[in-house]
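Please view the sequence and the model together while reading.

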Amino acid sequence: MKIVRADPASASALSALARAAKAHWGYPASWLEQWRDQLTITPEFVAAEETYAAEVEGQIVGFHALLATEQSMRLEHLWVLPRWMGQGIGRRLFEHAAACAAARGATCLTIESDPHAEPFYLRMGAVRVATIPSAIDGVARELPVLTFALTTVA
């Protein structure tokens, strides 16, 4: 596997990957449709933001994207195709994102996580600092907010 800067031309493939990864958690189709805009990666986004793709034999199997904020870098996206989950790709992408953020001078990485992804981020060393109340189709949810101290990056 190699991690490369994503090409804006790959935006539709990244969007499909994000939707497939989100669907992996068994969300209703109506919810996935309501999240379509959040899961759509545009060529403009890829060109403007630090977006990196994990490739295996030329196929994109995962990606991450970082956004600069006033106090930190935010992990805006980290997705892995379901058939590649559990093979270390998410870990490598997370480590790459943390290294990129540290190289830009950030002291922490912030993550607004899907509840199903929180255990992954906790295993990576992130710490929950808050939750954001959310609701979809009348179902109350809490989205975990985590931070990862970049001083822990070697």
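This is a predicted model: local features need pLDDT of at least 70, side-chain atom pairs count only at pLDDT 80 or more; totals for chains, interfaces and linings use all residues.

In which loop does aspartate 137 lie? Aspartate 137 lies in the loop between strand 6 and strand 7.

**Loop residues with positive phi**

- Although aspartate 137 is not a glycine, its phi is positive, at about 50°.
- Glutamate 57, also not a glycine, has a positive phi of about 50°.
- The position of glutamate 57 is the loop between strand 2 (50–56) and strand 3 (59–68).
- These two strands form a hairpin with two residues between them, and glutamate 57 takes its positive phi near 50° there.
- Glutamate 57 has a relative accessible area of 85%; because this value is over the 50% cut-off, the residue counts as exposed.

- Seven of the seven residues of strand 2 are buried, so the strand is largely enclosed by the rest of the structure.
- Strand 1 (residues 2–5) pairs with strand 2 in the antiparallel sense, over four bridges.
- Within that pairing, lysine 2 has glutamate 55 of strand 2 as its bridge partner.
- The pairing of strand 2 with strand 3 is likewise antiparallel, and seven bridges join them.
- Glutamate 55 stands opposite isoleucine 60 of strand 3.

**Strand 5 and its partners**

- Strand 5 (residues 108–112) is largely enclosed by the rest of the structure, because four of its five residues are buried.
- Strand 4 (residues 73–80) runs parallel to strand 5, and three bridges join the two.
- Opposite arginine 74 stands threonine 110 of strand 5.
- A right-handed β-α-β unit is made by strand 4, helix 5 (residues 89–103) and strand 5.
- With strand 7 (residues 139–149), strand 5 pairs in the antiparallel sense over five bridges.
- Cysteine 108 has alanine 149 in strand 7 as its bridge partner.

**The largest pocket**

- The largest pocket holds about 1,000 Å³ of space.
- Its lining comprises 37 residues, and Leu78, Trp79, Asp114, Ala117 and Tyr121 are those nearest the centre of the pocket.
- Several elements give two or more residues to this lining, among them helix 1 (11–23), helix 3 (36–39), helix 6 (118–124) and strand 6 (127–136).
- Strand 4 gives the most to the lining, with seven residues.
- By class, 20 lining residues are nonpolar, nine are polar and eight are charged.

- Lysine 22 is found in helix 1.
- The relative accessible area of lysine 22 is 9%; because this falls under the 20% cut-off, lysine 22 counts as buried.
- Apart from its neighbours within four places in sequence, lysine 22 is in contact with Tyr27, Leu32, Trp35, Leu39, Trp79 and Asp114.
- Trp79 and Asp114, both contacts of lysine 22, are also among the residues nearest the centre of the largest pocket.
- Arginine 19 is placed in helix 1.
- Arginine 19 is partly exposed, at 26% relative accessibility.
- Between the C-alpha atoms of arginine 19 and leucine 32 the distance is 7.5 Å, with the two residues 13 apart in sequence.
- Not counting residues up to four places away in sequence, arginine 19 touches Arg36, Leu39 and Thr40.

**Isoleucine 132 in strand 6**

- Isoleucine 132 lies in strand 6.
- This residue is partly exposed, with a relative accessible area of 32%.
- Isoleucine 132 and valine 145 are 13 residues apart along the chain, and their C-alpha atoms are separated by 7.1 Å.
- With neighbours within four places in sequence left aside, isoleucine 132 is in contact with Glu112, Arg141, Glu142, Leu143 and Val145.

Conventions. Residues are numbered from 1 along each chain as its sequence is written. Side-chain values use heavy atoms; hydrogens and water are left out. Buried means under 20% relative accessible area, exposed over 50%, partly exposed in between (1.4 Å probe, protein chains only). Two strands pair if DSSP finds at least two bridges between them. A crossover is right-handed if, with the strands pointing away from the viewer, the path from the first strand over the helix to the second runs clockwise. On a 1 Å grid over the protein atoms alone, a cavity is a set of points where a 1.4 Å probe fits but cannot get out, and a pocket is an open set with protein on both sides within 12 Å along at least five of seven lines; lining residues have an atom within 4 Å of a point. Grid points are joined across faces, edges and corners, and a volume is the space filled by probe spheres set on the points. Ala, Val, Leu, Ile, Met, Phe, Trp, Tyr, Cys and Pro count as nonpolar, Asp, Glu, Lys and Arg as charged, and the others, Gly among them, as polar. Contact means heavy atoms within 4.5 Å.
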